[in-house]
Amino acid sequence: MKRTILTAFACLATVCMVLAQNEKYTQAMTANIQALQGLDKSKPDAKALQEIANQFERIAAAETKEWLPKYYAAYSNVMLGFVGVSLEEKDKYLDKADALLKEAETLAGKPNDEILVMRAFQSQIHLAADAMNRWQTDGEKFNGYLSSAKAINAENPRIYYLEGSSLFFTPEEYGGGKKAAKPMLEKATQKFASFKPESSIHPDWGKLETEWMLAQSNQ
Amino acid sequence: MKLFYCLLFLISPFAYAQKTVSGKVTDKKGNALPGANVFLKGTYDGTTTDANGTFNFQTSQKDTATLAATYVGYEIFERNIGVKDNATDLSISLEEIANELNTVVITAGAFEASDEKRMAMLKPLDIVTTAGAAADITGAMQFLPGAQRVGEQEGLFVRGGSGLETKVVIDGMIVQNPFFSSLPDVQSRGRFNPFMFKGTSFSTGGYSAQYGQALSSVLLLNTTDKVNNNGLGISLNLANAGLNYDYATKNQSISAVAYYGNLKPLFALVKQNVDWVQAPEFKGSSLTYRLKPTKNGLLKVYGMYSDSHLSMNSSDPLSESGKTRLDLENKNAFFTSTYTDSWKDGRWSLNSGFSYSRNNDNTTLAAFNFDRFDERTQARLVLSRLLSGNNTLLIGAEAHAIRLKNGFGGKYYKLNDRYAAAFVESEIYITRQLAGRIGLRTEYSSLLKDANLAPRLSFAYKTGRYSQFSLAAGQFYQNPDYKYLYTDKNLHYERADHLILNYQIIKNQRTFRIEAFHKNYAQLVREYTGQHFDADPYRFPWGETNNAGKGYASGFDFFWRDQKTIKNFDYWVTYSFVDSKRLFQQFEKSVTPTFISNHNISLIAKKWIEKITTNVSMTYAFTSGRPYYNPNNDKFLADKTAPTHNVNLQASKLQNVLGNLVVFYASVDNILNTKNVFTYRYTPDGKSRYAVGPQSYRSFFVGMQIMLSKKARVTKDDI
């Protein structure tokens, strides 16, 4: 009897600790995702972004089985690559994002549409850093990741947001432009309307950006 | 009571006192690294360093913990620390990850254009946007330092070398006929489209032991691994019309090209200095197939076939009319397949290839048969191993079977050569600043019944973040020109020894590069006719021959490119100086050969005008006078032509037509209509001469490329 009670307590204690740890993880993630979403998307502050990226990396280092911290760390590093001042600096962050996404893929264990979308996003920002020399190789990667993501989950609205944004920033001479982007952005809006993230800390970004771009396209 | 203990056990981790962890993160030189991530591994405890690189955070960990620090572009730092009490004044110094800014690269003699290398001095796009290059790869290479322009012959003439001393190599395989068939006093174009290649490396000497049979230079072309755009493309210009089609699935892709060309319309518009009886007419096709059978494996198969024919009255000082009729019909086929793969995270990699080429020139000159046939079959295998610290070891071998037939005035000559080579090479990083490459190549030719051993050596030392010195030395062997081997089977390899010293700075899209070289030529073929020099470039050697020839070439070249100072404006300046003398062929004493020009200058400027999506490019090329043979001058090859000048202009405009990308281009070559003279040829009595100049003086060209691409726009089906 004594032993049963002790065992029960021990189990309870373990469960409590795991729950506490889970709670701590979710809380830390939620707080940091909110901080990331709270940044000005058009020109995020690099210092704040770096702190957010570091926090995600710390969570990732502690939670060695979760792919989401790596995913968000990669997202923050892509954003850092976007705001970087020189090509050299941009590439450092983008290379880091690429490495983080590869690790996230391993942790996820199976092909994951959100990670593929993030890899497409990384390619897009990498292309934009030196468009003249990279449009061929990165353009191909971008399309490849998105079509793989589509094959897994065609309902992921971020696929259409990225396709739309790519057209949005492509010069009209190359078949892009605001007009060309509009139908794709409208499709993204539709998909966002019916999109429910798997949990409160799963990816759920891109809606505001889509709305902003669509507003620009309607001008 | 027990419950109390259990609760205590539950609460205890949170009940410990908070302790401070603080310190500073710097690089190896002691510079503060702001924005670094410092934390205790396995916990959420940590922070980001401030502008001074300092950090300060609280932890409730007990006893010991692993302190970790990360910073983008630096190696991860980890160290166990005690956290029983506050841990303050920790100093962390991070090591930079090896990258192209802090690690030396071996560069002597190489001029790279690739997508992959960020620091490349030239990008593939530069080839097609250079005015005066006529979208020809070798045309663009002629503007690079180390190259000398020889207007009346095809080939790359590098640092005092003849056109025959440069080999064109595609994916490691020697290309037997890189240019369209040679014509008297006309420069033929390269056979390959620049868009086929993802990277180009033009080596002006001191190159790797992986390549041989070139005394001066190798032009390495690497084909693309993927299709550029899915769909149909159409090209239309004054000389030809072509179709290309690309199709790709996940692991396979195919590209097909077909074209027909006729230079008659162009020749009707642009005055020709050549007396064409029938303007060149050509047709051709190619097919590329690529397959990715494994994660890193890639099979590429490329096949092409083309035929062309033309007739001209070529200038001939030997004939009474001064003209000789030449008819040429060419059939050329080239097949190459390569397989590359890597295993164990790239620690082992394989490059293998097989290729076959066949070329047939049915030539009649003054009704005499001058047919030429050649065939080359080759196989190649290279295995490389990446060792720790980025050191590499590479071993490889290649084997060629070459068959040649040549008609000279009705008489036929035949040759068969079996050539084999093996090579080993290692790249060693002594430190991040100092690296070396040591290679050894050995070759055997059945025709020469002779083997050789060619050592190659390069060193590079990084003097600063953006600058470095390189040194390269080596021995290079090549079989003598086959025309000598038809009659003399006792000849040996010709040899060149290279010594190159290079200094370069690449910073912020500006490049400065200077290279000095000395080349020693030995064992060159000499011919003894016992008669006066015969300047006919197409003569067949009939005298006694041996390998007693020798010579040297030394000089320096300079390159400056600036893509930064003015937005969307890019310019480069090159200057090459060479001093060279040789005793070879029928020369009776050591003099400067006819293909040498001491000074070559090129200025290239490109401007991208965003508003009208147009790229405008201009080049100016100066080549100092070259020696020519004057039978009336007692001093051999003592006369020199006047320098040549050439100004070219090119514009290309991108336009979206009904959702398809269209590129329009127009160019004017020799806009000043300068009457350049490349050389003079004399009648046998020496009483009269004629000047050899370009095929046409001022000329223009227009064309367009249409890409009917589905990918570039959204169709209804996508929605």
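Predicted model: local features only at pLDDT ≥ 70, side-chain atom pairs only at ≥ 80, totals over all residues.
1. What pattern does chain A follow when read along the sequence? Chain A follows the pattern α-α-α-α-α-α-α-α-α, and its secondary structure comes to nine helices and zero strands; here helices (H or I, at least four residues) and strands (E, at least two) are DSSP runs, numbered from the N terminus.

2. Residues are numbered from 1 along each chain as its sequence is written, and chains are lettered from A and ligands numbered from 1 in the order in which they are written.

3. The C-alpha atoms of chain A fill a box of roughly 80 × 40 × 30 Å along the principal axes. Of the 219 residues in chain A, 42% are buried, a residue being buried if 20 or more other C-beta atoms lie within 10 Å of its own, exposed if 12 or fewer, and partly exposed in between, with C-beta atoms placed from the backbone. Among contacts in chain A with a separation of 6 or more, 61% join residues 24 or more positions apart, where two residues are in contact if their C-beta atoms, placed from the backbone, lie within 7 Å.

4. Beyond its neighbours within four places in sequence, A:Ala74 is in contact with A:Ala97, A:Leu100, A:Leu101, A:Ala104 and A:Met118.

5. In chain B, an open sheet of three strands has the order E4-E1-E7, with mixed pairing; two strands pair if DSSP finds at least two bridges between them. Strand E4 (54–59) and strand E7 (87–94) of chain B stand at the edges, each with a single partner strand, so one side of each has no neighbour in the sheet. Strand E1 (residues 19–27) of chain B runs parallel to E7(B) and is joined to E7(B) by six bridges, and B:Gly23 stands opposite B:Leu90 in E7(B).

6. B:Phe569 has its place in strand E32 (residues 569–583) of chain B, and B:Phe569 counts as partly exposed because it has 15 C-beta neighbours inside 10 Å.
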